[in-house]
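Visitor: I would enjoy a close look at one part of this model, the aromatic rings and what surrounds them. Could you walk me through that part?

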Amino acid sequence: NELYYLHVFFVLCAAGITLCLITSLSVEFLGLSAATNLHHNLLNKIIHAPIRFFDVTPLGQILNRFSADTNIIDQHIPPTLESLTRSTLLCLSAIGVIASITPAFLVALVPLAVAFYFIQKYFRVASKDLQDLDDSTQLPLLCHFSETAEGLTTIRAFRHEARFKQHMLELTDTNNTAYLFLSAANRWLEVRTDYLGAVIVLTVAVASIWAGRPGGGLVGLSLTYALTITNYLNWVVRNLADLEVQMAAVKKVNSFLSTESENYEGSMDASQVPENWPHDGEIKIHDLCVRYDPMLKPALKHVNAYIKPGQKVGICGRTGSGKSSLSLAFFNMVDIFEAKVVVRCLHPFIMSMGFKNKNSSRLVVFRFIRDRVAGAADSGETSMRPSPQTPPPAPLGGAQGVPRAAERHSPSSVPGPPPGGTCLEHLPRKASRRHQV
């Protein structure tokens, strides 16, 4: 008989080890696959996000998605999910063993389950709020530390080391206070589950004595499993609360995945454009309308421009007239919702593509202008050469150079276009809604 039980015990141990290994590998593999997909999709969305997204979204929030939230998804959610599953199954198996030995325990299990439900519900709400408070107080601390490290020379120059140090200590105390409350909440749960486990052990002992049928070995087995329920209940509630908080990182990453990507419809491959493009840089723009966001009013309305090949263009206007908006529009950095753009040497290739959307041909023009200008700036092979019709600027030096510079940039010289160039003058917005080159 002893050999038989030893073989059964050995088989059960081997099966438990095998199932634990399979569970751990499965959870880690599935967690790694999910984290990889989320990170890949997040990176793809951020890379293809429009410029407006970076204007309205703080850089620290973007870095937090790729650092703290990604770390939670990679290293915290899979172990927490595995621990929650294992604790729940162990708790249910312990209750099953106790109920099979002393069925009277099921009667007392109902009020104990109700008490456990209210305890875990109260703790989960408090734990979630306290962990959110801990995260919200940790972010200003990290931001202040990084800003202090970047501006350390300026802080030392103005002798404000003490003020920044004091502010750092205040932020640290605030974060430590939130963490202290979270630790106190965990201890509160542990005390309640200990009391609940003691009541379960008492109930099992009373039910075993009252039944009077099971042997001493079975009673000892039921009491042993009753003693382990306390630890299982504690970890079930804590893992459930931790998983609920950690899933907020997935929710934050998902909020970025809903960001609309920049419109790349009508993209052309580099092999479809001549290598020497642009050999003739004539650009015609008709009724250009620009807005920074679909919910905002247009910054430019019905702008017309004609730029000759090799011609220098100067954009003049008062503050807020749209000079920067027009410059950004040429590089497709803002939303262009209405325009007709023609680049002479690129126009035949675009027309041969047969775009179905009327905005596609316009977007591909601005996109190739942006790509070619960025490539020329990075490679350093293209140099800015003056127009043949524009004389080189006269050297400014000595006392006579300052009056000449002031005269050159005086208001009387603004209305007339420079030799060989074009002056873009914006009329007051109240006088006219159209801007003409």
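Visitor: To begin, how many aromatic pairs does the count come to?

Guide: Happy to take you there, with the reminder that this is a predicted model. The count comes to five aromatic pairs. Let us start with Phe53 and Phe54, whose rings form an edge-to-face pair, 5.4 Å centre to centre with 80° between the planes. Their surroundings can be read from the accessible areas. Phe53 has a relative accessible area of 10% and is buried, because the cut-off for buried is under 20%. Phe54, at 37%, is partly exposed.

Phe53 has another partner: with Phe256 it forms an aromatic pair that is also edge-to-face, at 5.5 Å centre to centre and 85° between the planes. This pair links distant parts of the chain, since Phe53 belongs to helix H2 (residues 51-56) and Phe256 to helix H7, 203 residues apart. Phe256 counts as buried, at 6% relative accessibility. Taken together, ring pairs join Phe53, Phe54 and Phe256 into a cluster.

Now turn to the face of the Phe256 ring. Arg65 lies over that face, 5.2 Å from the ring centre.

Key:
Residues numbered from 1 in each chain as written. Predicted model: local features only at pLDDT ≥ 70, side-chain atom pairs only at ≥ 80, totals over all residues. Heavy atoms only, no water. Phe/Tyr/Trp six-rings, centres within 6.5 Å; stacked < 30°, edge-to-face > 60°. Buried < 20%, exposed > 50% of the residue type's maximum accessible area, 1.4 Å probe, protein only. Helix = DSSP H or I, 4+ residues; strand = E, 2+ residues; numbered from the N terminus. Lys NZ or Arg CZ within 6 Å of the ring centre and 35° of its normal.
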